Amino acid sequence: MLTTERLNPMQDGIAKALDVLRAGGLCAFPTETVYGLGADARNSDAVARIFAAKGRPQFNPLIVHVANLEIAERYGVFNGAAKQIAQAFWPGPLTLVVPLRENSGLSPLVTSGLDSVGIRIPGSELSHELLAAFDGPVAGPSANPSGKVSPTSADHVLAGLSGEIEAVLDGGPCEIGLESTIIGCIDAPTLLRPGGLPREAVEACLGAPLAEPAANGEITAPGQLSSHYAPNAPVRLNADKKRDGEIYVGFGPCEGSDLTLSASGDLHEAATNLFEILHQANAMEAEKIAFAPIPEHGLGQAINDRLRRAAAPRVKY
Ligand code: TXA
Ligand code: MG
């Protein structure tokens with residue numbers, strides 16, 4: 001067991017985080033979406049430790065985080081659409097899956113041996129400082145045990161991974177609170193995972209609708225594993241009312257709710273609160289959780305995606 005150190009978001013905390021990454025260790029770090037579990041993406045021993053710490057199946061590739069587009073192009077090949085979206089939305093809550101560049105130097109574990117790579121330039125200032133100083137690729141899945149609720153605070157990270165990782169850089173709560181939107185840019189731009197950037201924004205930028213992933217049963221974005229983001233208790237969706245024994249999570253004006261995603265019915269606020277509420281339900285040892293209906297537009301799409309997976313029958317990979 002390691003002793004996981006909580007690092008402050010000042011220069012000395014960042015310097016320690018860099019030391020951990022450069023030494024091939026694991027350091028969780030905040031982005032505007034969720035906390036990532038960082039390791040040097042060129043170092044196979046370090047990357048292997050990410051899979052072990054999370055209990056993550058090796059077939060599920062990791063996102064590579066970088067400070068700017070120039071560094072991103074060392075690892076991926078960006079076609080016209082990919083460049084257009086990258087320029088419009090990076091830094092931000094967006095991951096692009098692009099062809100892997102030859103001799104990229106990335107550990108093959110990062111991409112699970114695929115010939116594509118997921119790349120992201122996160123938007124928070126602290127993540128930018130860390131990545132710019134590191135000047136290289138940081139592999140970073142969400143910093144939670146595989147299949148469990150994603151972390152939006154350093155406390156969430158420690159609750160799941162304390163003793164498994166060297167450090168967590170504590171930047172406070174994440175501003176967006178939902179993972180990045182993943183767009184595949186291999187052929188036609190394809191929505192692989194709804195997330196913190198609404199699809200409507202990407203479609204407006206491209207002037208065309210995004211394609212849907214081919215439904216051939218292949219895992220194109222294994223965040224698409226049916227059960228994911230699971231709290232300990234079973235989850236009921238689109239619940240108009242609380243039933244006996246449930247913790248009822250409201251959205252908008254709702255009578256009798258125990259917790260609320262957003263009392264005013266604001267989707268941004270709901271996105272920010274979603275994972276915190278699932279963590280709270282775990283801490284309260286809820287027996288059952290029910291969620292009020294959430295509208296299916298804007299960030300509502302990503303919220304509903306996470307809720308459906310949280311409610312899905314639990315599968316162990
Ligand atoms: O906001 C986020 O995206 C956060 C922060 C830390 O950046 N990261 C995150 O990572 O959510 P993770 O590992 O929890 O989810 C990444 C998803 C996985 O579903 C993975 O399958 C998919 O990205 N992915 C990564 N590389 C891919 C690739 N080459 N092809 C298809 N999917 C890929
Ligand atoms: Mg995740």
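Glu 246 stands opposite Lys 288 in E14. The two strands concerned, E12 (residues 246-250) and E14 (residues 288-291), pair in the parallel sense over four bridges. Strands here are DSSP runs of at least two residues, helices (H or I) are runs of at least four, and both are numbered from the N terminus. Strands count as paired if DSSP finds at least two bridges between them. E12 and E14 belong to an open sheet of four strands, ordered E11-E14-E12-E13 with parallel pairing. Its edges are strand E11 (235-236) and strand E13 (259-260), each of which pairs on one side only.

The model is predicted; local features need pLDDT of at least 70, side-chain atom pairs count only at pLDDT 80 or more, and totals for chains, interfaces and linings use all residues. Residues are numbered from 1 along each chain as its sequence is written, while chains are lettered from A and ligands numbered from 1 in the order in which they are written.

The largest nonpolar core has 95 residues. Such a core is a set of buried Ala, Val, Leu, Ile, Met, Phe, Trp, Tyr and Cys residues joined through C-beta atoms within 7 Å. Helix H8 (residues 267-283) gives the largest share, eight residues. Domain 1 (5-220) and domain 2 (235-311) both contribute, so the core lies between them. The domain bounds come from an automatic or database domain assignment. Cys 27 and Leu 169 are among the residues with the most contacts inside the core. Cys 27 also touches Leu 169, as well as Ala 17 and Ile 165, among others. Contact requires C-beta atoms, placed from the backbone, within 7 Å.

An unreviewed UniProt entry lists Thr 33, His 65, Arg 120, Ser 142 and Ser 180 under "binding site". These residues are spread over 148 residues of sequence, yet cluster in space, with a largest C-alpha distance of 12.8 Å. UniProt positions follow the numbering used here, feature names are shortened, and annotations may be inferred rather than shown by experiment.

Arg 120 lies in strand E6 (residues 116-120). It counts as buried because it has 28 C-beta neighbours inside 10 Å. The cut-offs are 20 or more other C-beta atoms within 10 Å for buried, 12 or fewer for exposed, and partly exposed in between, with C-beta atoms placed from the backbone.

Ser 142 sits in the loop between strand E7 (138-139) and helix H6 (154-161). Ser 142 is buried, with 29 C-beta neighbours inside 10 Å. Its contacts beyond four places in sequence include Val 34, Tyr 35 and Glu 179.

Note on methods
Contact = placed C-beta atoms within 7 Å.
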